[in-house]
Every structure is written in structure tokens, then in C-alpha cells.
Amino acid sequence: MGASGNLARSAAFEAAPSAETEDASDISALIARLTAEVNQIACEKTKSIQHITNQMKMLALNALIESSRAGAQGAGFAVVAQEVRAVGQQVETIARELETQLTKRTGNLMESIEQMTERARGERMVDLSLNAIELIDRNLYERTCDVRWWATDSAAVDCAAKPDAAAVSHVSERLAVILGAYTVYLDLWLCDLDGNVLANGRADKFNVKGHNVAGTKWFRDARGLRSGDDYVAGDVERQPLLGEAQVATYCASVRADGKANGKPLGVLAIHFDWESQARAIVQGVRVGAADRARVLLVDSSLRVIAASDGQGLLSERVSLKLDGQRSGFYHDASGTLVAFHATPGYETYKGLGWFGVIVR
């Protein structure tokens with residue numbers, strides 16, 4: 001994958017939430033709004049009924065007073081006034097019961113809708129977490145293909161077999177040509193079996209030729225590869241020889257005649273420009289401005305290796321409550337929604353135990 005801009009566009013496209021998820025969220029919001037309106041109308045109408053019954057009771061009371069003043073002639077009217085008063089009392093009781101029951105039921109309904117909405121929101125965040133880590137997996141799968149392919153290049157094979165000045169110059173030119181076409185890399189290094197850097201593609205920018213990298217984990221792992229079909233995928237780290245840039249290093253063994261079962265001659269290490277490429281992915285996840293979400297990629301030790309806000313890179317560790325699950329969501333003690341999904345891998349790239357994480 002050449003230009004980082006393509007990767008950013010790919011991230012924004014593939015990480016977009018499904019129309020079905022958005023529709024479900026819209027419907028839940030509509031139902032919640034209508035329920036709240038029904039609850040408000042019910043309360044207003046029952047209060048109106050209570051006001052009218054209070055007026056009826058007041059009229060009945062006045063009628064009783066007047067009938068008592070009328071003596072025997074008002075006795076019949078007093079009975080009617082008592083009945084009116086009783087009916088008013090019954091209506092008031094019914095109105096209060098209606099208000100209580102409606103309020104309770106609409107309250108339960110609104111609570112259920114809120115739970116459904118929160119679940120839909122959590123599941124959407126899990127899907128977006130998966131999208132982010134899948135984009136990385138697919139991208140890094142391509143890196144494993146690149147390194148195994150370029151390790152068979154005749155210039156690399158010839159230089160690893162006989163690193164004279166002409167061979168070093170030729171492979172340096174060849175690596176520079178590759179870098180010109182594949183802009184997602186900071187540099188490509190050809191090393192001998194002792195860990196000495198024989199040549200690199202950006203010698204004008206990075207003075208690494210002659211340095212020994214035998215002490216690095218990625219070189220030790222690459223030194224022990226069994227065939228040219230195998231590769232090493234390193235965790236994200238800062239590379240001192242590349243100006244402390246954040247890189248993900250991929251390695252393959254250079255073998256005689258470029259054959260998978262040939263005799264090991266050296267190691268090709270390619271340094272993926274991690275920070276800019278990963279940033280394009282996490283910032284491209286369409287969580288929505290209203291969500292106020294932080295999109296993260298974390299490694300197997302839960303160290304932040306990419307963040308949409310650019311904070312905590314390679315220093316912060318996230319306390320994920322996994323409970324043995326590869327994906328899920330929960331609310332932490334502060335009420336923050338945390339969604340996560342483990343790397344599913346892609347093709348022959350099995351992943352390194354990383355997670356996509358969204359903190360909302």
C-alpha cells in the first residue's frame with residue numbers, strides 16, 4: 001500500500017457504522033421522545049381532571065351550606081350535593097391512580113429504551129473497534145508479504161552472499177527504488193548473519209550502515225527463521241537509529257538463490273512508519289463528534305500504540321476488563337463506556353494479540 005492518504009480514506013470508509021445500526025439508534029431515540037411526550041400529556045390531563053373535580057367538590061360544599069340554610073326545603077338538594085361530592089371524590093381517586101400507573105409504566109418503558117439504546121451504542125462501538133483492528137491487520141499482512149518478497153530480490157541475495165562495495169551499492173539503489181514506491185516505510189535494512197547492517201535504502205537520511213543490531217529481539221527472531229516462507233512481526237517500538245521514530249519492524253531471511261529452503265545468508269528488515277499510518281486509521285473511525293470518544297490500538301500488554309487524540313503513545317497502559325472475552329463492552333466505575341475487540345488476524349498474519357479499543 002503506497003500512499004498514506006489511501007489508507008486514511010480506507011479507514012474512514014470501512015470504519016463507517018452500518019445504516020442498520022444508525023437506524024436502530026434513531027428509532028430508539030424516537031420511541032424515547034414519544035414516550036416522554038405521552039408521559040407529559042398524561043400528567044397534564046390528569047392534573048386538569050383533578051382541578052375540575054376540586055371545583056366540583058367546592059360547588060358541592062357550597063350547595064350543602066346553602067341547603068342547610070334552607071332547612072327542610074333544602075333537604076332533597078343536600079342529597080344531590082352529597083352525591084356530586086362523592087362522584088367528584090371518585091373521579092379524583094381514578095385520576096390519581098391513572099397518573100400513578102401511567103407514570104410508572106412510561107418510566108419503566110423509558111428505562112428499557114435507555115438500556116436498549118445503551119446496548120446498541122455499546123455494540124456499535126465494539127463493531128468500530130473491530131473495524132479499526134481489522135484495518136491494521138490487513139495492512140500489516142501486506143507488510144509480511146512485502147518483506148518475504150523483497151528478501152528474494154537478487155540484489156539482496158547477491159549482497160548478502162558477497163558484500164563487496166559494488167554489491168552494497170547496487171542493493172542500496174534497489175532498496176531506494178522500493179522506498180520510492182512504498183511510502184509507508186521509513187527505511188529498509190539488509191543485515192548479515194552477525195547483525196551488521198550492510199546497506200539501507202535511505203543512506204542520505206539515516207546513517208545506519210555498519211551498525212550492529214544483533215541485540216534486538218526482531219533480529220534474534222529473524223536469525224532463527226526456518227525458511228524463506230516465515231517472517232518476524234515485531235511490536236511497535238521507538239528506533240534510535242531512525243531518529244526515535246515509532247516503527248513496526250518486519251523481517252525475513254535472505255537465502256541462497258532466493259529459495260525458501262536455501263542456505264541463510266542474511267536478514268532483511270523493513271521498518272513500517274507506524275505512527276503516521278496508525279494515526280490515519282484511529283482518526284478515521286467515524287464515532288461521531290457527539291460521542292466524544294477516544295479510539296485506541298493497544299498491544300498484547302495493553303500498552304497504547306495508537307490514539308485518536310495522539311496521547312499516551314507507547315507509555316500509557318489501558319486497564320481493560322476482558323473477563324476472558326475477545327470482544328465486548330462495559331461501563332467502568334466512572335460510568336465511561338469502554339468497548340474492545342481483539343485482533344482477528346488476516347490471511348497468514350495471525351496478529352500479535354492487539355486490541356482495538358474505544359473509550360466513550
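Glu123 and Arg119 join their side chains in a salt bridge, with N to O at 3.2 Å. Both belong to helix α3 (residues 75-150); because they sit four residues apart there, about one helical turn separates them. The model is predicted. Its count of salt bridges comes to nine.

**Helices α4 and α5**

- Helix α4 covers residues 154-161, and helix α5 covers residues 165-181.
- The two pack at an angle of about 150°, and their axes lie 9 Å apart.
- An angle over 145 degrees counts as roughly antiparallel, so α4 is roughly antiparallel to α5.
- The crossing of α4 past α5 is left-handed.
- On the α4 side, the contact is made by Ala155, Ala156 and Cys159.
- On the α5 side, Ala167, Val168, His170, Val171 and Arg174 take part.
- By type, the residues of this contact are six nonpolar, one polar and one charged.

**Confidence**

- The average pLDDT of the chain is 84.
- A score of at least 70 is reached by 81% of the residues.
- Over residues 1-21, pLDDT stays under 50.
- For residues 1-21 the model has 39 contacts beyond four places in sequence.
- Where pLDDT is low, predicted coordinates should not be read in detail.

Methods
Residues are numbered from 1 along each chain as its sequence is written. This is a predicted model: local features need pLDDT of at least 70, side-chain atom pairs count only at pLDDT 80 or more; totals for chains, interfaces and linings use all residues. Side-chain values use heavy atoms; hydrogens and water are left out. Axes are lines fitted to C-alpha atoms, for helices over the stretch in contact, and angles run from 0 to 180 degrees between N-to-C directions. Angles under 35 degrees count as roughly parallel, over 145 as roughly antiparallel, 65 to 115 as roughly perpendicular and the rest as oblique. A crossing is left-handed if the near helix is turned anticlockwise from the far one by less than a right angle, and right-handed if clockwise. Contact means heavy atoms within 4.5 Å. Ala, Val, Leu, Ile, Met, Phe, Trp, Tyr, Cys and Pro count as nonpolar, Asp, Glu, Lys and Arg as charged, and the others, Gly among them, as polar. pLDDT is the predictor's confidence in each residue, from 0 to 100. A salt bridge is a side-chain nitrogen of Lys or Arg within 4 Å of a carboxyl oxygen of Asp or Glu.
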